[in-house]
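Please read it alongside the coordinates.

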Amino acid sequence: MGSTPPVFIGAEEVEKHLHRASLLLPALEAALANFSAGAAGGVVQPVRTVLPVPRHGGYLGVMPAYSAADDALTTKLVTFYEHLKDSSVPSHQATVLLFDPSNGTLKAVLDGSVITAKRTAAVSAIATKLLMPPFAEVLCILGAGVQAYSHYDIFTELFTFKEVRIWNRTKERAVQFASAASGPVRVCSSAQEAVTGADVIVTVTMATAPILFGDWVKPGAHINAVGASRPDWRELDDELMKNSVLFVDSRDAALTESGDVILSGAEIFAELGEVLKGTKPALPEKTTVFKSLGMAVEDTVAAKFVYDAWSAGN
């Protein structure tokens, strides 16, 4: 037919071009602001479609998006299987398809797992930059999976913390994380110990019921809530949700997908893009929660960044 076959950009190649998640910050900040600008922002993105696989206890998510500012069209396919007996298989696996928006041709197939880890951590870092207290000294990470590593990397690159703490349900994985980290990390024996006095808290767990409670949290702290991406799952309790100022990536997604938001009845104050546009204040002096569900347009700008860097090298 004469058409050029799509290129495949695997995990190692994606990692090479995206070795620092901070490289994505300008593109992601623009995409978040454009998303929150509505039709004028040129981001077309439905709430993700989630297909259950009841026989095996898994889910397939489909996340398409188009960004006019980047002239980029993608869809991400992501599978999510919780509590697998074979722990060598990751709970989340993802692939991003990048299309030529002018004619619909498939240009590239990219490993989506690295993209997901990097762009999620980068968006948490954007939220933290805007919302954390001015003299943040203690970072706490609850969870020790892929997202814990990507968050640690960008947070220790962009911010100066005097202490980093970690807690995980299985202590061995927390110890493993601490030994792999590029700086000192204190392994805590309970979530409460890890959280007490922390200025910035990141929850990246597989929890389906709350593991972080409002009466543990220091007033004025900032929380990035990244796990619990289903409407019946929780990481944060009602007290924390209701007594914090709540920011989200997408109102529609939060009200459809986030158990923390839906089940607590907490009121959403703003989308992160509204803060970036200057239409809503950041309120770093308050206790703040950023509920991150991840958006398809974040994958779009990350995939285009990787593809453009790969093309420049080829």
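1. With which side chain does the side chain of Ser 67 make a polar contact? The partner is the side chain of Asp 70, at 2.5 Å. Note that this is a predicted model. Ser 67 belongs to strand β4, residues 58-67. With a relative accessibility of 1%, Ser 67 is buried. Beyond its sequence neighbours up to four places away, Ser 67 touches Gly 42, Ala 72, Val 297 and Thr 300. Lys 107 is 40 residues from Ser 67 along the chain, and their C-alpha atoms are 16 Å apart.

2. Next, a helix pair. Helix α2 covers residues 25-36 and helix α3 covers residues 112-131. Their axes come within 10 Å and cross at roughly 75 degrees. An angle of 65 to 115 degrees counts as roughly perpendicular, so α2 and α3 are roughly perpendicular to each other. On the α2 side, the contact uses Leu 25, Leu 28, Glu 29 and Leu 32. On the α3 side, it uses Arg 119, Ala 122, Val 123, Ile 126 and Lys 129. By class, the residues of this contact are six nonpolar, three charged and no polar.

3. Now the interior. In soluble globular proteins, nonpolar side chains tend to be buried together. Here the largest nonpolar core holds 67 residues. Leu 110 and Phe 155 have the most contacts inside this core. Helix α3 supplies the largest share of the core, nine residues. A separate core has 30 residues, including Leu 142, Ile 211, Met 241 and Val 248.

4. Is Asn 224 buried or exposed? Its relative accessibility is 0%, so Asn 224 counts as buried. Asn 224 sits in strand β12. Its contacts, apart from neighbours within four places in sequence, include Ser 124, Ala 127, Thr 128 and Phe 155. Val 200, Ile 201, Val 202, Thr 203 and Phe 290 also touch Asn 224.

5. Why does Arg 234 count as buried? Buried means under 20% relative accessible area, and Arg 234 has a relative accessibility of 9%. A polar atom of the Arg 234 side chain lies 2.8 Å from the backbone oxygen of Leu 236. Residues up to four places away in sequence aside, Arg 234 has contacts that include Ala 207, Thr 208, Ala 209 and Pro 210. Ala 228 and Met 241 are also touched, as are Gly 259, Asp 260, Leu 263 and Ser 264.

6. Most residues other than glycine have a negative phi. Ala 228 is not a glycine, yet its phi is positive, about 50 degrees. Ala 228 lies in the loop between β12 and α7 and is buried, with a relative accessible area of 4%. Leu 283, also not a glycine, has a positive phi of about 55 degrees. Leu 283 is in the loop between α10 (272-277) and β15 (288-291).

7. Strand β13 spans residues 245-248 and contains Leu 246. Leu 246 is buried, with a relative accessible area of 1%. Setting aside residues up to four places away in sequence, Leu 246 touches Met 241, Val 261, Ala 266, Glu 267 and Ile 268, among others. Its contacts also include Phe 269, Ala 270, Val 289 and Lys 291.

8. Phe 213 is in the loop between β11 (200-203) and β12. At 29% relative accessibility, Phe 213 is partly exposed. The C-alpha atoms of Phe 213 and Ala 191 are separated by 9.4 Å, and the two residues are 22 apart in sequence. Ser 3 lies in the segment before β1 (7-9). Ser 3 is exposed, at 54% relative accessibility. From Ser 3 to Pro 231, the C-alpha separation is 43 Å, and they are 228 residues apart along the chain.

Methods:
Residues numbered from 1 in each chain as written. Predicted model: local features only at pLDDT ≥ 70, side-chain atom pairs only at ≥ 80, totals over all residues. Heavy atoms only, no water. Buried < 20%, exposed > 50% of the residue type's maximum accessible area, 1.4 Å probe, protein only. Polar contact = N/O pair within 3.5 Å; in protein donor to acceptor, adjacent residues only side chain to side chain. Contact = heavy atoms within 4.5 Å. Axes fitted to C-alpha atoms, helices over the stretch in contact; angles between N-to-C directions. Helix = DSSP H or I, 4+ residues; strand = E, 2+ residues; numbered from the N terminus. Parallel < 35°, antiparallel > 145°, perpendicular 65-115°, else oblique. Nonpolar A, V, L, I, M, F, W, Y, C, P; charged D, E, K, R; others polar. Core = buried A, V, L, I, M, F, W, Y, C linked by side-chain atoms within 4.5 Å.
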